[in-house]
Structures are given as C-alpha cells and as structure tokens.
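The following account leads the reader through a protein model, one region at a time. Please keep the sequence and the structure in view while reading.

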Amino acid sequence: MKKYVLLALSLIFTFGCAQQKSNKDKQFCYNILDNIEKDMNQTLQKMKTTNNKAKNDLLLDGFYDRSKKNFELLSQEKMVKAGLLNDTDEDVLKHSALPELNKVLEKYHLDVVHFKSDISSLTFKRDFIYNTFRNYVSEEAAAYYKIEGDYEECDRREVFLPGGNFGAIDEYHNLLLEEGNFIKKYPNSKRTPKLIERFKDNIIGYLTEGNFIQDPDYRKKEIQNFINAHPNTPAAKIIKSYKKDMEEDQLDEIIDREIGKSNKNKDLKAFENML
C-alpha cells in the first residue's frame, strides 16, 4: 500500500512540475508579446509628436527590427511547451494552433508563418504594420512595409516552399509587381538593395519552382499571360528578356545584367535605363 501511495505522490509531483514548467513557458511567451505591443504603442506616441516623417521612418525601422528579434525568441519549441502549438509535423504544416493561440493571434494581430526549415513562427498580420503606421511615415517606408506584409503572406501560404503552393499564384504576381515597382520608383533607397536580391530570388522561383512548372505548356501560358497582363512593369520586362532561355544556371546572370548588378560602377543604371 505504501508503495502505491509513494507512486501516486511521485506522479502528482511530476505532473505538478510539468504544469509549472508549462505555465512558466506560457508566461514567457505572453511577456514577449506584451513587450512588442508596448513597444508599438510607445513608437506610435513618439510619431504623433512630430511631423518629421524621415525621423518616423527610423522609428518604424527600429520597432520592426526589435519585433522580429522578439518573434525569434518565440520559437516553435517554446510555443509547444507553452501549450500554444501542437507538437506534430502534420499539425505544424497545417499551422495547427490550440484554441488559446487563436486568441493570442487575434489579440496581438499575428499570424503563424511556416518556413522552409519546417519551423513555424509568429509574425504580424499581412497589412497590420502598413495600416498602423502609414499615416506617420514617408510614402517610401509605407510602400516598403506593404511589400513586407505581402512577402510574409506568401511565406505564410507556403508559396516559397519546394514545389510551392501556386494556388496562391495571384499573391505571387502581386509581390513581383510591387517589388519591381519599388525598385523603379526608389532606386537610391537604402531599402532597394535588399529588395533587388529578393526580387531576383522571387523571379527565379516563379520560373523554376511551383506545381505548374511540371507542365511545360501550362508554364509557357502562365508566364505569357503575366507578361501580357503587365507589359510595362519591371517584373514583366525582366521576365520577357530571358523567358526564351530557361536554363536555370543562366537565370541569375540574366537578371544581374538587366538590373546592372554585374557592373558595380553603374550600379542600378542599366536597370533604370531598361525601364
């Protein structure tokens, strides 16, 4: 009898420790989210005290960077231990969340994003940053963070995964158009080099990845339809310039030539001239 009592007490103690650990992990997650929200409110208050949009751009950049670092602390493992995410590969791939996480996502304006490394993380909802800050920052910064939201929406919908989800092809079209237009409009922006590299990756992905690539006829039709629908856009012009040469190892060289990256002295001049 004594043995069973000791066993029961041991199980109760073990469960209690596990529950305490789960509560600690959950509190850690909530503290991070509360800090992000507090930081956002403080950033907004600072913006409202000035009409200097260049200064506000820097405030937004700082807030966004700090938020990204905080989201990195909310790892998939941490969310599983906190009881906010189910611990199965199938559930993670479906962005399966426990009911409490759904409440967290709504309260803090967040979404779950799945990455190529089979890891899930949190990010702001698609247009949350853009809608929250656009009236206080420059047109350039607003456009950039609109693109950031759309990029992460494609990430969330797994468009960038191998054999990507091209059921969301319209989202991908929109992203290519936005990135190319930003590069054209703001060639000297500090944000442009990052977008050029991502623009290149996304065009290569559009031409070499995705379910429609398995059907050559459909691929040709899809690409031609994009060019016809957006003939004067940077994305369409660049795609058209090399669409006849589909060797993957040549794509990067062709894009480099089009945007002038192969000539460091001219930088973006070739890209600008092409437009």
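In which helix is the place of Arg198? Arg198 is found in helix α9. The model is a predicted one, and every value given here is computed from it. With a relative accessible area of 10%, Arg198 counts as buried, because the limit for a buried residue is under 20%. Apart from its neighbours within four places in sequence, Arg198 is in contact with Ile147, Glu148, Tyr151 and Glu179.

The loop that runs between α8 (169-185) and α9 (192-208) holds Ser189. This serine is likewise buried, its relative accessible area being 9%. When neighbours within four places in sequence are set aside, the contacts of Ser189 are Glu140 and Phe182. With Glu140 the contact is polar: the two side chains approach to 2.5 Å.

The largest nonpolar core comprises 56 residues, of which Leu122, Ile129 and Tyr206 touch the most other members. For Ile129, the contacts beyond four places in sequence are Leu60, Phe63, Tyr64, Phe124, Arg134 and Tyr145.

Charged pairs form a further part of the picture. The structure contains 18 salt bridges. One of them joins the side chains of Arg66 and Asp39, with an N to O distance of 2.8 Å. Arg66 belongs to helix α2 (residues 53-73) and Asp39 to helix α1 (residues 2-48), so this pair ties together parts that lie 27 residues apart in sequence. The two partners may also be described by their accessibility. Arg66 is partly exposed, at a relative accessible area of 40%, whereas Asp39 is buried, at 16%.

A second salt bridge is formed by Glu139 and Lys185, whose side chains meet at 2.4 Å, N to O. Because Glu139 lies in helix α7 and Lys185 in helix α8, the pair ties together parts 46 residues apart in sequence. Glu139 is exposed, its relative accessible area being 52%.

Asp127 and Lys146 form another salt bridge, in which the closest N and O atoms are 4.0 Å apart. This pair links distant parts of the chain, 19 residues apart: Asp127 sits in the loop between β2 (120-124) and α6 (128-133), and Lys146 in helix α7 (residues 139-156). At 26% relative accessibility, Asp127 is partly exposed. Which residues do salt bridges with shared partners join into one network? The network consists of Arg126, Asp127, Lys146, Asp150, Glu171 and Glu178.

Helix α10 shows how burial can be arranged around a helix. It spans residues 216-229, 14 residues in total, and reaches 20 Å from its first C-alpha to its last, close to the 20 Å expected at 1.5 Å a residue. Its buried residues are Glu222, Ile223, Phe226 and Ile227. Why do the buried residues of α10 line one face of the helix? Viewed down the axis of α10, they fall within an arc of 130°, so they line one face. On the face of α10 turned away from its buried side are the exposed residues Asp217, Lys220, Lys221, Asn228 and Ala229.

Note on methods: Residues numbered from 1 in each chain as written. Predicted model: local features only at pLDDT ≥ 70, side-chain atom pairs only at ≥ 80, totals over all residues. Heavy atoms only, no water. Helix = DSSP H or I, 4+ residues; strand = E, 2+ residues; numbered from the N terminus. Buried < 20%, exposed > 50% of the residue type's maximum accessible area, 1.4 Å probe, protein only. Polar contact = N/O pair within 3.5 Å; in protein donor to acceptor, adjacent residues only side chain to side chain. Contact = heavy atoms within 4.5 Å. Expected span 1.5 Å × (residues − 1). Arc of directions from axis to C-beta. Core = buried A, V, L, I, M, F, W, Y, C linked by side-chain atoms within 4.5 Å.
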